[in-house]
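Hi everyone, thanks for coming. Let me put a structure up on the screen, and then we'll walk through a few spots together.

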Amino acid sequence: MGAEPPVLPSADEARRWAAEELAKPEYRDAAPSWLGTLWRNFLDWLRSLDGSSTGDAAQVPGVVIAIVVATIIIAAVILARPRLNARVRRPKEVFERDVAVHAADYRARAEAAAASGKWGDAVVERFRALVRSAEDRAILDPQPGLTADEAARVLSLPFGTEARRLELAAAMFDGIRYGNRAAGRADYQAMAHLDASLEAAKPARSPGGKAVPLP
């Protein structure tokens, strides 16, 4: 017996497959802006091929649409992959490089973001305020490329009772700043409360009274 011929999708199936594939967040988030515009135009064209349109467009066979779909998806993967890989490799630093901002300024930024309902930005800026304040108070020795996990681990030494909250705060910062975690009012309130608690607390100093260095 000969092999059965491949089953070609109908026009409706090809349109549905394309819409479902191109709507995936990994393509949408990583795509260059011009590719996003191309996708939207392509999806609009697919929606126009619903069988009710007049002219040649409504008569496009499913195999042609399937070929176009495959071409677009391959292009999307090729263009999006380097950006996705770059995001994975991105160092999870607390502060932007070559930017010196005081703790009070970070807190002002956080409050402004919270007032606008931008909870993710508010949480990120408040965590930065927390870390910068510790540096200003000589509790934490400033380190280039400091990550949230490193800051939380070191601050857990002079602020032992806050170790768990520091760990959660660092995870929240990384999830929002470098991941896809959403934030809400309660997240910002928790971060602000931790910042205020550390600001008011008296840290346990090392024997020489110096800032705690990174291990």
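Let's start with a definition: two rings of Phe, Tyr or Trp count as an aromatic pair if their centres lie within 6.5 Å, using the six-membered ring for Trp. What you see is a predicted model, and it holds 3 aromatic pairs.

Take tryptophan 119 and tyrosine 188. Their ring centres are 6.3 Å apart and the planes meet at 40°, so we call this pair tilted. Where do tryptophan 119 and tyrosine 188 lie? Tryptophan 119 is in helix α6, residues 119-136, and tyrosine 188 is in helix α9, residues 185-200, so the pair ties together parts that are 69 residues apart in sequence. Both tryptophan 119 and tyrosine 188 are buried.

Next, a cluster: ring pairs link Phe127, Phe173 and Tyr178.

Now please look at the loop between α4 (62-89) and α5 (103-115), where you'll find valine 101. Is valine 101 buried or exposed? Its relative accessibility is 8%, and the cut-off for buried is under 20%, so valine 101 counts as buried. Beyond its neighbours within four places in sequence, valine 101 touches Tyr106, Arg109 and Arg132.

Last stop, the largest pocket, with about 230 Å³ of space. It is lined by 14 residues, and the closest to its centre are Phe95, Glu96, Gln143, Pro144 and Gly145. By class, that lining has 6 nonpolar, 2 polar and 6 charged residues.

Definitions and conventions:
Residues are numbered from 1 along each chain as its sequence is written. This is a predicted model: local features need pLDDT of at least 70, side-chain atom pairs count only at pLDDT 80 or more; totals for chains, interfaces and linings use all residues. Side-chain values use heavy atoms; hydrogens and water are left out. Helices (H or I, at least four residues) and strands (E, at least two) are DSSP runs, numbered from the N terminus. Buried means under 20% relative accessible area, exposed over 50%, partly exposed in between (1.4 Å probe, protein chains only). Contact means heavy atoms within 4.5 Å. On a 1 Å grid over the protein atoms alone, a cavity is a set of points where a 1.4 Å probe fits but cannot get out, and a pocket is an open set with protein on both sides within 12 Å along at least five of seven lines; lining residues have an atom within 4 Å of a point. Grid points are joined across faces, edges and corners, and a volume is the space filled by probe spheres set on the points. Ala, Val, Leu, Ile, Met, Phe, Trp, Tyr, Cys and Pro count as nonpolar, Asp, Glu, Lys and Arg as charged, and the others, Gly among them, as polar. Rings of Phe, Tyr and Trp (its six-membered ring) pair if their centres lie within 6.5 Å; planes under 30 degrees apart count as stacked, over 60 as edge-to-face and the rest as tilted.
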